[in-house]
Structure formats: structure tokens, C-alpha cells
Amino acid sequence: MNEGFVLAVTIMREAIDEFRRFQRDKEVNSQLYSKLTVRGKVQVKSSDIQVGDLIIVEKNQRIPSDMVFLRTSEKAGSCFIRTDQLDGETDWKLKVAVSCTQRLPALGDLFSISAYVYAQKPQLDIHSFEGTFTREDSDPPIHESLSIENTLWANTIVASGTVIGVVIYTGKETRSVMNTSNPKNKVGLLDLELNQLTKALFVALVALSVVMVTLQGFVGPWYRSLFRFLLLFSYIIPISLRVNLDMGKAAYGWMIMKDESIPGTVVRTSTIPEELGRLVYLLTDKTGTLTQNEMVFKRLHLGTVSYGADTMDEIQGHLRNPCPQTQSQAGGNNASSTPPRKAQSSAPKVRKSVSSRVHEAVKAIALCHNVSPVYESRAGVGGEAEYAEADQDFSDGNRTYQAASPDEVALVQWTESVGLTLVSRDLGSVQLRTPSGQIQTYCILQMFPFTSESKRMGVIVRDESTAEITFYMKGADVAMSSIVQYNDWLEEECGNMAREGLRTLVVAKRALTEEQYQDFESRYSQAKLSIHDRALKVAAVVESLERQMELLCLTGVEDRLQADVRPTLELLRNAGIKIWMLTGDKLETATCIAKSSHLVSRTQDIHIFRPVTNRGEAHLELNAFRRKHDCALVISGDSLEVCLKYYEHELAELACQCPAVVCCRCSPTQKARIAKLLQHHTGKRTCAVGDGGNDVSMIQAADCGIGIEGKEGRQASLAADFSVTQFRHIGRLLMVHGRSSYKRSAALGQFVMHRGLIISTMQAVFSSVFYFASVPLYQGFLMVGYATIYTMFPVFSLVLDQDVKPETAMLYPELYKDLTKGRSLSFKTFLVWVLISIYQGGILMYGALLLFESEFVHVLAISFTALILTELLMVALTIRTWHWLMAVAEVLSLGCYVASLAFLNEYFDVAFITTVTFVWKVSAITMVSCLPLYVLKYLKRKLSPPSYTKLTS
């Protein structure tokens, strides 16, 4: 009966978890999309989309499956998508429609052509794709090669326009699913430890039975007695432990969800709440987890003056008064506008006034970027009809900016706020509006886009009104410091800004004469046509311009951190948890956030692991890193792969000693590998925190996964074991709930074992007194009642016990360190409980036999009553903090027992139970069995109190 109940409870709980998962999947699978057919648009569920379907995806909608991008409502034939769910990168990606289908006059024409797409077989790599698009009915057939820029991967989000694509991979073949690992069933460390103890108990059971049979002297059919003893002592094996623990886990989950301080927290896997109390490594994602992915312009530094958030109005003031030089020039007519310029450049450099320098800097920031202003059309969604320009609303409220990276948008939004607004931009020109309302037009002559190698971008523009040609450039300080003219402040200020956690960009310019530009252009176009080493030659030509540039300013943009990230990381660090940040973002950004979120404390050095590609380099770098002490490690995903390939053990050992580790440019699979590496090497428990689809593998690989419900979608929070609404809730989840779940389950587990051991001890004593007879001591209902009705409630009330108040646990995170050593449940504490059980069982049985020679029925009644009382007293002894429900449970159980005595006349002599002799003898035996333990507990409390009592007293 017991086993059936145990299994039923476990199966029910697992089934509920599964069903909830099924409902969440169904919710995602039933999102509706428009599918284009010969008859027009039809709505389909995302689960019904098949390869070859033409799907229309609106702006801000999730792309349901991997598609080849056929056409878009944007004139340029390209669109931006957000990929943070896929690879964790914050910048938008530009995707290009297949030109053959983009050129078709109308949407319906897609069905009038005969064409097919060839795609390679599904791959793991999200950053590559090979395919071809062939249109057969034209003459000659058109072949277009398809690459990564023509694809729209599932789980990315369309950021501009409406796109139409043809589905090439669905379901398990999509890139995002191929990058997620299969979830494993997670088993908590506590459950594993209890299993170990149960195995030990089983060995004890067999040994005890063998001893009994040996003492019998192997008389007659001894193996039959052996089996009878095995059955008699089978209470040693705590079968009800599983039920009690499962109910306990359900209760902890309920408490976590009901906690007022962390609203919105959901427990999705109810089997591992105790894991939260044993964590040593916390792996966290950066984008959306530590940061909000919202950029804000914080500081402009001109070398002599620095403008912060509170002094931006001064910049506005400077911009309102037009700058003196340009006035005099614009005053003369256009013909005379060139000579003064020549004279000016040959004259010795005069120190410019602050006002003109502010002008120059703001203008450079407003021109040197890759941002396009977008105006929402008022006519609503009218398919792909081209609007007349008049329909569009150019008011400021209607303008949004689009760019590949949020940093650039922040810069342009800031220039708008100080008065210089980017009004329109196309491939050939940029228009700015000055504070006075004038429109200035600049012609874009050349664009040099940002690449991760060059770490800078440049633009050459010609001012339409003055025909001046200027080369503007902005980039990371590492790349720019060698390009700009010598100065004494750049490096120092960059350091200062980086320490505040700002991302820095250096802006510089160089004025070009018409001749210089023409010369450059001819060399540039020649380089672009060369067949060999084209990239190198082009770079060399551009570098000829990047010399002695005039440094204009340094900008600082802040990536806003989530609420209370700093105190939470501080708390976790003090709790002895080592924090690793794994991000898909760039090295500079990752280092910045590590500093500003205080993941790396101010005094610590940061060791940046140089990129390595082979064994020798890896060896040298690891040696260089070994010499440093107490410094944080920053390593890129690729270098990490190389090191893991050759020096897995060494790297793991070194990295685990670091106070903090940052891994940048990590793919989803690498994140999961790091989680597995830590488990494998340290044997300690790891926890992963993330919010995007790219964190799912890591969350599933870790011992305990926490998902954050962000604006990035719900993928991570659905795959996780626990889902929280904000990063700061993790502190309380671990310190308070993790602690109490672990402590309570440990107490509960050992108590249930003790309950079985006591009765087995009594049985052993009983058998040995009566000539090793294999006769049960208590029969039928008494045993069932003992395991359920009489002791269930009090034992289960241990679930409400707490050793430390939540406030104290949050105030002294150091208490958490003790838990990771696993001292609440170990062989040592287990042996103590075994000894207690043997002592109590012996006392109860011998006492009952000594006091009652005559009647065997009396022995039963006395020992059983004393046993129940002992159990109830032991629960009271174990509890650290009383709760009214505990008292109710104790009284209720005692009441149940007393009431049931009336019905148990087949076991007990009712007339005898009501006498005074019975009462005093039971009391005496119970006193002897429990009093020594109370005394011992009191002495232990006085002589070696646990660390937390020192704090609470």
C-alpha cells in the first residue's frame, strides 16, 4: 500500500509539471501568421507552417521558422532584424532581399514566376549559409547565390518594415533549435545524498538479518528465517521518505511563489528547490539579464571641458549662437567662399574657442554614423503601395531611428536633444536641422563601415552650402589613439570613463581639399577593382587618409543596468558564489559592464586573454595568466575553445581560482559547455541565469536554471527551472528560500529515517529477548498508523521550520557559505541520528519489558504509547523556530492516537490503559528516552552554537 501511495504522489507531481510545460509550448505554437497563397492571404498557426510556404511577417513580430528573404515593403530592399534571442548580440543585423523577387512589381507576381531555392542541409552554425536561388522562366535563367544576409532565422524579430520569406527549415532543423541541447532530467544533490544513505541503510538491514540468523544458529530452514527477518526489519528502509520529501518540495515551491518580496516568481521544476541552497557557481548572461539594453548618452569630453548629464544645456546654448567663423564665410557669396578657406588653412593654428569646438564635435557626431530616421506613414498598413511624399508626417514626434547598434541611436538622439536633428538620410545625402530651423544638406561621398577588425567607421561628406569636404571618423580608443594628432588627455579620460562603465567612442575629423579627395577617390576605386588581396589594398588606401586627424571629442554612452544589479552581485559574492558572465557581445562591451556592474571590484586587475589559435599560443597565454594573482579573467569564446581542446584541466583549474570570469563572443553551445565543464571539474553545483533564447542551452545544462522574463521574449523563462521577473530577486531566492529548503529537507529526511530505525531497533531487541523468534512486534494497523496518521503531521511540520529569519539571511550572506559545505546532511549527522535511534529504541523496549514481566499485551501498549510520545517530543526537539501550525500538528496527532486507543481493543487491554500504573510507567520510559537528548542539545547550543545564533542573539 505504502509503495503505491509513494509512486502515485511522485507520478502526479511530475505529470503536473509536464502538463504545464505542454500548455506553454502550445501557447507559442498557436501564434498566427499570414501565409501567402494563390488565393491571397490566409492565417496559419506557427505549428502548421511547412517548408516552401511563403510567410508574411510584420514589424516587431517573431519569425516563426528559418526563411530565405524574398521581398520587403522597404524601398531599399533590405530590413533590420533583432537577433538577441539567437546569439545574444545587441546590435541589429541588416538583411537583404533576393533582388530577383524584390524587383517584381507586385506581391502577387511571386506566383507568376517559376523559381526554386536550393538550401544546404541543416547546420549548427548560425553565422553561415550557402544556397542558390534560380528563376527558370526567364531567358537566360537567373541564378543568384544566397548567403547569410539573405536569411531570416527563426526566433529573431523583424525591426523594420514587413518581410516575405520562403520557409527552408522548420522544427528541429531550425538554427535556433539545433543550438539548444536536449534537456536532462535534473536531480538535486540532496536527493543523491539521501540515496547514498538509503543504500547504507539497506546494507545495515541485510547485515542485521544475517546476524539474527547466525545467533539463531542456522537451525532448520534458516534461509526462510532470513527472509522473515528481512521483512520484519524492512522499516529500516525509509519508503515514505520520497512522499514526505515530494510534499515538502511542493510546499517550498508554494512558499516561493507566495513570497511578497519576489512577486511573479514561478517554480517550473518542483523537484530541485534545495539546489538553490548549495550553489557555488553562477553563470549569467549580460544582455537583458545584467543590463537593460537601453543606451543613454552620458558624457561629452572636449579635452579641456567635460559635459555631463547636468550640463547639457550649456551645449544647447553654444549651438543656438551660430559659430562666428562660419558667419563671415557664409556672408560672402559662394564664389568667394573658397579663397578664405585656403588662407585659413595655411595660417598658423589658432586655439579655437570652446563654442566653435562644441559646434564641430556635435556636427561630427550628427554626421558620422549609420543611422536612418524613419517616419511611420499615417495611411496605416496599405500593403506595398508607395506613398506620395506628402502623405508622410515629418514631425519630430513621428520620427524613430534605425541602426545596427543601439549606441549609434543613442548618439543621434542626443544630438537631437541638444538641437541638431538628423532629419533625413538616404544613400547619397544627409540632412540636418539646426536649432534655428535651417536645413543643412551634406552629400555622402564615401562610407567606411564599422568592422570588428578595424573597430572604427568613417564617412566623407561634402557640405552643399560651402562645398567643404570633410572626413569624419569615430571608433574605439584602441584603434583611434594612433590616428589622431598627439594629445595628452585622451588615454587618461578613456580610462576614467571606462571605470564608470561607459562605452567610449573617439570622434575625429580631417578637412580635405578637392584635389586631395579626387586623388584619394581614384586610388580607392582602383583598389576596389583589384583581384588579389582586395581587402588589404582597400584598407591601405583608407589608411593613407587616417593620418594626423584632428581630435574633436570623446563620447561616453551608458548601457543601463537592471535594477539593483550591483547590490545583488555584491550579495552573491559575499555568499561565496563565484560569478561568471557569459555573453555573445564584444570584448570591450563585456569588460565595461563587468566594471560598471561591480562584477569585478574596483581594485582588481583584469587579465585580457589574448586571442589564441593553436596549442603553442594557448600554452604561452596560460603561463602568462598563471603568474597573476587575484585578477579577473576576460576570454573570448574562440580562445576558450582552443584552450579547452588542448589544456582543459589547466584552464578549468586556473579559471576556478579567479574571483570573476568574463567570456565574450560565446555561442549558445559554448555557454552550455562551460556549465558542463564546471560541473565536471569541480563537482560543485552551478546555476545559470539568462533571459534570451541563446541562454536556453546553458540554463538546461546547469544544475539549476533561472530564467528572467524580460522584453526579450519568454523563451528562457519557459525552459528554466525557476523564472523570476527581475535579476535582483535572485538574491532572496538563494539566500532565503534556497537556504530554508535545504535545511528543512535535510532535517525532514533524517527524521523520517530515524522514525524507521527506532521501530527496527525495538523489533531487534524484542526478537533477541524472545530467543531470536522471527515474530513481528506490532501488527497490522499499528504499523500503518505509526508511519502515517500518528506521526505524519508533526514530521511534515518540519517543512515550516526556519533557523534564521529571512532578514538576517539577507543581511549576512556569509551564512550561505556554510551551506555549500553540505554539513546539514552528511554521514556524520546521519550516524548521530542512527545512534539516537538505537538508544531510544533500546530504552523503550527494555523499559517496557523490565516494568512488565507478567502481561505481554501490556508490554505492547506501553512500548507503543511511549514510542509515539517519543516521536512527537523528538519533532519538538528538532524544530528551531516554532510556528502555530506545528503546535496544532503535535496536539492533533496526540489526539488522534488517544481517540484511536478506544478502537484498538484487539491490540490493547482497554481496562488497563486507564489505570494510573500505565500512565506513570509510560511517562517514566519516555522521560528516560528523551530527557538525555534535551540535555545534550542544550549543552551543545551553549558550548558550540551554530554561526547564525551569534548573529541573532
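Which helix gives the most to the nonpolar patch? The legends below, drawn from a predicted model, start with that view.

**View 1. A nonpolar surface patch of about 1000 Å².** Helix α33, spanning residues 916–943, gives the most to this patch, with 9 residues. The patch is made by Tyr839, Leu873, Met927, Val928, Leu931, Tyr934, Val935, Leu936, Tyr938, Leu939 and Leu943. One of these residues, Leu931, lies in helix α33. Leu931 has a relative accessible area of 43% and is therefore partly exposed.

**View 2. An open sheet of 3 strands in the order β6-β5-β11.** The pairing is antiparallel. Strands β6 (93–96) and β11 (157–158) are the edge strands, each pairing on one side only. Strand β5, residues 78–82, pairs with β6 over 4 bridges. Ser78 stands opposite Val96 of β6.

**View 3. A stacked pair of rings, Phe520 and Tyr524.** The whole structure holds 14 aromatic pairs. In this pair the ring centres are 5.3 Å apart and the planes meet at 20°, so the rings count as stacked. Phe520 and Tyr524 are 4 residues apart in helix α15 (residues 514–529), which means a separation of about one helical turn. Both residues are buried. Together with Phe448, Phe471 and Tyr517, Phe520 and Tyr524 form one aromatic cluster.

**View 4. An edge-to-face pair of rings, Phe827 and Phe830.** The ring centres are 6.4 Å apart and the planes stand at 80°, so the pair is edge-to-face. Phe827 and Phe830 lie 3 residues apart in helix α29 (residues 827–851), separated by about one helical turn. Phe827 is partly exposed, with a relative accessible area of 47%, whereas Phe830 is buried, at 6%.

Terms used: Residues numbered from 1 in each chain as written. Predicted model: local features only at pLDDT ≥ 70, side-chain atom pairs only at ≥ 80, totals over all residues. Heavy atoms only, no water. Patch = residues over 30% accessible without salt bridge, like charges linked within 9 Å, V, L, I, M, F, W, Y side chains within 5 Å. Areas by Shrake-Rupley, 256 points an atom, 1.4 Å probe, with all protein chains shown as cover. Salt bridge = Lys/Arg side-chain N within 4 Å of Asp/Glu carboxyl O. Helix = DSSP H or I, 4+ residues; strand = E, 2+ residues; numbered from the N terminus. Buried < 20%, exposed > 50% of the residue type's maximum accessible area, 1.4 Å probe, protein only. Pairing = 2+ DSSP bridges. Phe/Tyr/Trp six-rings, centres within 6.5 Å; stacked < 30°, edge-to-face > 60°.
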